[in-house]
Number of protein chains: 4
Amino acid sequence: MFEALFGTTSAQAWLTALVDAEKALATALAEAGVIPGQAASEIAAVPADFDTAELGRQAVSVGNPVVPLVRRLRERVSADAGRYVHLGATSQDIMDTAAMLVAKNAVDGMLVDLSAAADACASLAREHRDTVMIARTLMQHALPTTFGLKCAGWLVSLDEAAENLRRLRFSAQLGGAVGTLSVFSDTAVPRLFAAELGLDEPVIPWHTNRTRMGELAGAFGVLAGVLGKIALDVTLLAQTEVGEVAESSGGGSSTMPHKQNPVRSVLITAAAKRIPGLVATMLAAMPQEHERAAGAWHAEWETLNSLCGTLSTACARTRDLITGLRVDRDRMRANVDMTGGLVMAEAVVTALAPSMGRATASEVVTELATSGRPFRAALLADPRISLSEEDIDRALDPAGYLGSANEWTDRALRR
Amino acid sequence: MFEALFGTTSAQAWLTALVDAEKALATALAEAGVIPGQAASEIAAVPADFDTAELGRQAVSVGNPVVPLVRRLRERVSADAGRYVHLGATSQDIMDTAAMLVAKNAVDGMLVDLSAAADACASLAREHRDTVMIARTLMQHALPTTFGLKCAGWLVSLDEAAENLRRLRFSAQLGGAVGTLSVFSDTAVPRLFAAELGLDEPVIPWHTNRTRMGELAGAFGVLAGVLGKIALDVTLLAQTEVGEVAESSGGGSSTMPHKQNPVRSVLITAAAKRIPGLVATMLAAMPQEHERAAGAWHAEWETLNSLCGTLSTACARTRDLITGLRVDRDRMRANVDMTGGLVMAEAVVTALAPSMGRATASEVVTELATSGRPFRAALLADPRISLSEEDIDRALDPAGYLGSANEWTDRALRR
Amino acid sequence: MFEALFGTTSAQAWLTALVDAEKALATALAEAGVIPGQAASEIAAVPADFDTAELGRQAVSVGNPVVPLVRRLRERVSADAGRYVHLGATSQDIMDTAAMLVAKNAVDGMLVDLSAAADACASLAREHRDTVMIARTLMQHALPTTFGLKCAGWLVSLDEAAENLRRLRFSAQLGGAVGTLSVFSDTAVPRLFAAELGLDEPVIPWHTNRTRMGELAGAFGVLAGVLGKIALDVTLLAQTEVGEVAESSGGGSSTMPHKQNPVRSVLITAAAKRIPGLVATMLAAMPQEHERAAGAWHAEWETLNSLCGTLSTACARTRDLITGLRVDRDRMRANVDMTGGLVMAEAVVTALAPSMGRATASEVVTELATSGRPFRAALLADPRISLSEEDIDRALDPAGYLGSANEWTDRALRR
Amino acid sequence: MFEALFGTTSAQAWLTALVDAEKALATALAEAGVIPGQAASEIAAVPADFDTAELGRQAVSVGNPVVPLVRRLRERVSADAGRYVHLGATSQDIMDTAAMLVAKNAVDGMLVDLSAAADACASLAREHRDTVMIARTLMQHALPTTFGLKCAGWLVSLDEAAENLRRLRFSAQLGGAVGTLSVFSDTAVPRLFAAELGLDEPVIPWHTNRTRMGELAGAFGVLAGVLGKIALDVTLLAQTEVGEVAESSGGGSSTMPHKQNPVRSVLITAAAKRIPGLVATMLAAMPQEHERAAGAWHAEWETLNSLCGTLSTACARTRDLITGLRVDRDRMRANVDMTGGLVMAEAVVTALAPSMGRATASEVVTELATSGRPFRAALLADPRISLSEEDIDRALDPAGYLGSANEWTDRALRR
């Protein structure tokens with residue numbers, strides 16, 4: 001029921017990957033001259049149309065679906081070719097290779113969405129390079145910044161998360177029963193196998209060296225954090241009291257007609273909350289016994305499915321979120337002004353620092369800022385403040401206190 | 001593809017629970033006199049046969065499947081009755097109540113399996129009350145114990161895990177849009193609603209007080225740890241070099257004809273490894289904003305599904321594992337003896353303590369135990385050892401150094 | 001450097017607990033007649049003043065600090081008494097018992113703070129039973145509620161979290177090397193030992209049955225979620241744009257004189273974020289091998305320290321937070337009104353339902369609510385709205401649409 | 001008490017890093033001409049000798065130790081120089097920069113130990129290139145492999161984990177109150193600041209873009225998994241029943257004189273178990289609000305401390321473990337033979353495949369392998385087996401069925 005809401009990895013995606021791995025093995029064995037080309041051709045012609053639920057049920061007695069799949073594959077080819085199905089491979093060779101294919105496909109899709117989301121951030125950053133808004137620290141108004149810089153920050157983080165994904169190693173697995181290629185002993189086969197599938201060839205089989213899975217989990221964890229931060233910012237900025245941004249279309253309520261919920265951000269947040277626990281599971285499963293683990297390996301599969309499905313959906317949704325984001329400049333400006341200039345206190349200190357020293361200036365300004373009186377009036381009235389009305393108004397102008405905001409935005413856009 | 005291997009919570013389970021919640025609401029409203037009995041009867045007659053995939057897709061724009069479900073339900077009843085479908089409830093009322101129903105059903109099933117597994121442990125403990133085996137600490141032979149006591153330990157832990165499940169609160173949720181029952185303001189309705197569903201009535205609505213979800217996760221976490229410990233022990237005892245137990249039937253290998261893998265234990269271990277991360281997710285989702293969370297709530301659903309599905313399957317498999325466990329007494333005894341009595345060193349120290357003091361005895365015995373010589377011969381030959389050969393043999397007899405093992409086993413069986 | 005900020009469990013707390021365990025063992029052995037009373041008296045007189053850093057260093061070669069501690073203890077008593085120090089116990093007996101003492105002390109302190117925090121919530125709930133504020137769902141204005149009900153929700157959750165703590169089992173551990181009491185075989189000793197320390201006596205030794213640790217972790221996880229929710233609410237309500245509550249005194253900024261940060265809530269939130277991962281660690285450490293684990297047991301100690309230290313501090317801080325919370329009723333009321341009555345749309349639908357049917361009413365009201373026109377004026381002007389101006393104003397009055405808020409608050413206060 | 005056992009990050013390490021950051025800021029400001037060189041010199045001369053416990057206590061009211069540290073620093077320099085301490089920086093600039101310094105130092109130390117551990121693996125792999133041992137899958141004897149290949153696997157994983165560490169970005173943080181450098185607006189300063197500290201200059205300030213922290217956590221998680229796998233293998237191989245390796249010196253027992261515990265492996269395992277939960281915390285803290293988080297940021301500090309301390313110690317211990325590992329070739333060989341050739345069943349199938357087809361061969365061999373009769377005798381006696389005694393003995397020779405083990409080992413050694 002929750003597949004569309006939160007994403008999933010389909011049984012068919014796994015089936016296709018498993019069958020592709022078995023086909024690539026036959027092809028590689030034929031290319032290396034280990035088995036007849038005819039057998040490989042027959043095997044390569046079998047469509048990936050097996051009953052995944054049945055394979056799943058048959059997997060229970062042996063612990064993975066490769067054993068029943070091999071049986072099914074053999075039924076589809078001649079007896080001659082059947083002898084060469086799965087030759088020299090162990091179940092883990094096929095499962096790990098399929099897992100890499102499933103993950104790679106998912107990551108490729110994520111990268112497309114992340115790139116589009118980053119482009120949308122860049123457009124917003126450019127458009128709002130000079131849109132003044134309040135920066136908030138610990139959820140309190142701090143100093144002015146620009147919405148352009150906020151978008152530039154999102155942009156940089158999306159690019160960094162994508163870069164992590166691009167660096168991942170998707171490696172084929174082919175070592176035979178215990179990683180020694182005992183049946184055919186020809187190390188050309190793993191190379192040809194990897195090439196056939198568009199995967200990397202590892203230095204040696206990695207049956208119980210799970211760095212690849214851990215790295216995948218780590219990159220996914222970082223990505224989830226990046227998406228979660230953007231969704232969190234949007235949710236906060238879309239609060240009724242803040243109202244600075246809104247999603248392109250709001251989610252309705254089953255009971256309150258006036259509600260327009262930030263439903264994309266909510267669902268991205270939900271996804272982001274689930275990832276750290278899944279990453280921990282994948283990492284906790286890394287210490288695997290001897291030459292094949294008794295459980296830790298099996299713990300990876302559904303964890304990988306949840307990670308890939310959830311993040312694929314969250315990436316697409318983030319792209320949609322940023323692309324359609326509606327920005328209310330007037331509300332941003334009104335919010336900057338809502339404290340009557342108090343957020344410019346640092347600027348006033350800076351203006352006073354040359355004449356009275358930063359420390360004294362800070363004390364005096366803090367006193368006035370927390371006096372309860374309107375800040376501008378208090379500044380004008382206080383004899384210790386040696387600034388002209390014009391100087392005070394200049395110090396109180398948020399657009400004049402943006403520091404390097406524009407330079408940062410431009411830097412981020414020059415990526 | 002992995003549903004049978006690792007368990008799942010079906011879409012139909014959710015649909016039934018969601019529809020049951022809507023029906024119970026109508027019934028409760030009718031009982032309280034808020035809506036006509038005829039409307040409630042009509043609503044209660046609608047079968048839970050909606051297309052869950054379609055509901056799932058329609059859920060995306062609003063963030064949960066209740067809104068589309070209510071639409072579908074209204075289509076199935078008269079216009080008159082349709083006005084009373086979902087009256088006064090918010091989506092979260094229905095989702096949370098359904099989640100409680102789904103969880104309660106899962107837990108009820110787990111309790112049946114846990115009870116059977118505990119009974120099987122008790123049988124083993126009784127049968128092997130006097131079966132001497134080596135106890136291992138930090139994976140090294142330590143002292144003798146009995147297999148009965150090991151099973152008694154499993155038994156106690158299963159009972160404790162079940163007790164945690166039995167203590168869980170499964171509470172109905174009915175507060176309306178913001179928890180104030182704004183539409184009908186009749187606190188009899190939540191009471192009738194809970195009673196209709198066989199759930200507890202909470203003190204007040206618990207929309208953003210997620211203690212129930214946290215407690216569920218905690219109890220599930222403990223259960224997973226208990227099952228994981230049993231599976232780990234079996235896996236270790238079934239090692240080729242140890243060979244003290246075997247599963248009723250082993251999982252074959254896709255490549256090695258002689259292998260008999262402890263496949264139940266492996267799959268239980270896989271389940272146990274996944275639970276802590278899922279528990280962390282559920283706990284991390286507990287801080288929920290204001291009167292309804294913007295994402296943390298939504299993060300619960302798939303997490304709950306994974307928890308319930310995985311643990312239900314693991315409980316059933318543990319029951320099967322223990323019920324069919326094959327125990328090799330001879331191998332147990334042979335393993336006790338494989339260090340030539342070294343594991344009885346503590347017993348020898350205890351026998352020597354009255355005459356030479358425990359500290360000196362410990363020093364002398366350690367010296368002999370690490371000398372490389374056969375331990376019994378070394379003891380007989382050493383002039384510092386003031387024990388007769390008979391005394392030495394008594395001290396070296398593992399069956400005579402079981403301490404309170406039997407008393408503990410009996411205590412555990414008297415539960 | 002971060003002890004005061006986030007709490008810690010002191011080395012002295014562990015030392016005291018370890019020494020107390022060794023003393024209680026001697027006392028129990030003497031009471032059971034296993035060792036001379038004089039020896040127990042000597043041992044009981046040794047102060048817990050050992051150098052914890054040195055014990056820590058000496059722990060490395062054996063894996064725990066009990067072995068060096070026993071050596072130190074023996075040096076402090078006569079040779080005669082020295083023979084009876086640690087008699088029949090294994091390191092894990094002393095470590096686990098000490099862990100239970102450390103945890104119990106921490107929990108006792110938490111319960112005091114939780115009770116005071118709950119009392120403060122109750123006071124606030126009573127005082128603000130009729131303080132109208134806006135309820136927010138998915139961070140958007142929803143319907144009116146009362147601040148009293150919000151505090152009642154906090155109160156209920158604090159009580160539930162405390163109840164979980166109160167239910168924890170703190171059990172002594174005494175089984176000897178492998179849980180069989182091989183050295184003295186007198187099951188009265190574990191009973192006397194537990195009684196001496198004010199701990200429960202377990203059914204049988206629980207060396208590798210870690211349900212107690214898992215339950216502790218689970219209860220701590222729930223508590224963290226409860227504290228985190230309160231801190232999150234305060235942080236959100238204290239936002240500059242919301243301004244409905246403030247902490248008794250704000251944390252200053254190193255650079256912005258006007259800032260008053262909700263520093264207690266921030267630190268409680270930091271604590272709450274760290275707990276789920278620690279809980280996952282404790283649960284993941286539950287499957288422990290055979291009669292003593294090779295690492296999983298050792299993983300508990302620092303995890304327990306972090307959990308106890310962090311949560312003790314967070315409980316004290318929550319008490320301080322709620323006790324000193326400043327509430328701005330006027331701002332609450334102003335915020336209710338900021339959408340010009342839109343949040344009363346459901347109330348208008350309810351008022352219209354009898355005449356035009358709930359579905360039609362909902363459609364019409366949604367149309368007007370999203371029209372952009374002032375809501376009240378739009379209602380007055382629309383010919384489909386069959387309500388008098390008085391009826392409309394009554395429907396738009398938030399204080400008149402609080403449903404069962406007061407009844408819920410009263411229920412929570414009757415706890 | 002547990003610092004030496006599990007590692008820690010010292011308060012002094014943080015103090016030094018914090019003070020270094022403040023000094024580098026002054027130096028950078030002077031280099032950029034923002035403040036007088038004399039002031040920078042004075043600031044740079046202050047030793048990092050403040051009372052960390054006191055700073056920690058004073059941190060509570062503001063939420064971090066930078067505010068009190070700045071106060072202390074100002075007291076140590078002339079009033080003139082004091083005005084320039086911390087100029088233009090926000091607390092997070094200093095905290096984040098210090099965190100990067102602390103982490104970088106820890107990682108530099110880990111890399112030294114990892115490199116030495118990898119060298120030790122390479123030596124073992126070279127030395128045991130031809131040492132035949134049994135490979136175990138799902139904890140059951142599978143086929144022969146070499147201890148050299150096992151060490152080669154450890155080697156590759158250590159190198160991969162180290163490569164991840166080497167790729168980490170340690171970036172200075174300098175953005176001022178809200179990331180805009182509002183006080184001095186000179187983007188040369190962050191560049192000079194980073195250079196002064198030997199850190200990277202980020203594209204723009206990364207106050208609430210926590211990719212760096214997430215990547216650090218991810219790399220640490222992978223490392224922990226790698227170390228945990230090695231420790232797990234050693235623990236399993238050191239089991240009394242297996243006895244193929246031993247640590248250079250065993251940890252004694254407080255009660256059993258004959259025990260030699262694999263204490264290094266045990267403590268490395270304990271470390272590895274704690275990391276996934278800590279990684280999850282760091283990742284869960286990534287979504288940080290607006291321009292400074294209200295708690296998620298603060299959750300990083302102790303988490304980072306635990307990660308760095310635990311892993312530094314675990315790396316050193318792994319180096320020590322592998323360097324001193326004692327290998328028992330005879331026991332390895334004896335274990336290969338303990339099933340009477342059953343583990344060579346796949347080899348027999350391979351030998352029979354050309355004549356009778358792989359499927360039939362597999363069936364026949366499985367029948368004989370599970371018959372309970374001695375395998376060699378059964379093969380010799382069975383009329384279906386068309387192999388000579390010599391052929392059978394060749395097929396049963398483990399050293400002749402190592403497949404590509406040596407080629408893989410050599411590949412790993414050519415890194």
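Predicted model: local features only at pLDDT ≥ 70, side-chain atom pairs only at ≥ 80, totals over all residues.
Colleague: How many residues does the contact take from chain B, and how many from chain A?

Modeller: Contact here means heavy atoms within 4.5 Å. By that rule the contact takes 54 residues from chain B and 54 residues from chain A.

Colleague: What area do chain B and chain A bury between them?

Modeller: Of the buried area, 72% is on carbon and sulfur atoms. On the side of chain B, B:Met1, B:Phe2 and B:Glu302 supply 18% of the area buried against chain A, more than any other three residues. The area that the two chains bury between them is about 4,400 Å².

Colleague: Which helix gives the largest share of the side of chain B that touches chain A?

Modeller: Several helices of chain B each supply at least two residues of that side, among them α2 (11–31), α7 (91–127), α11 (263–284) and α12 (299–323). By class, the side has 29 nonpolar, 20 polar and five charged residues. The largest share, 11 residues, comes from α11(B).

Colleague: What relation superposes chain B on chain A?

Modeller: A rotation of 180 degrees with 0.0 Å of shift along its axis superposes chain B on chain A, with an RMSD of 0.0 Å. In chain B, the C-alpha nearest the axis is that of B:Gly277, 2.0 Å from it. Because 100% of the interface residues of chain B are also interface residues in chain A, the copies meet through the same surface. The rotation is therefore the relation of a two-fold axis.

Colleague: Which residue of chain C has the C-alpha nearest the axis when chain C is laid on chain B?

Modeller: Chain C is laid on chain B by a turn of 180 degrees and a shift of 0.0 Å along the axis, with an RMSD of 0.0 Å. Here too the copies meet through the same surface, because 100% of the interface residues of chain C are also interface residues in chain B. The C-alpha nearest the axis, 2.1 Å from it, belongs to C:Gly218.

Colleague: How far apart are the C-alpha centres of domain 1 and domain 2 of chain A?

Modeller: Chain A is divided into domain 1, residues 3–330, and domain 2, residues 342–395. Their C-alpha centres lie apart by 54 Å.

Technical notes:
Residues numbered from 1 in each chain as written. Chains lettered and ligands numbered in written order. Heavy atoms only, no water. Buried area = accessible area lost by both parts, 1.4 Å probe. Helix = DSSP H or I, 4+ residues; strand = E, 2+ residues; numbered from the N terminus. Nonpolar A, V, L, I, M, F, W, Y, C, P; charged D, E, K, R; others polar. Domains from an automatic or database assignment. Least-squares fit on C-alpha atoms with pLDDT ≥ 70 in both.
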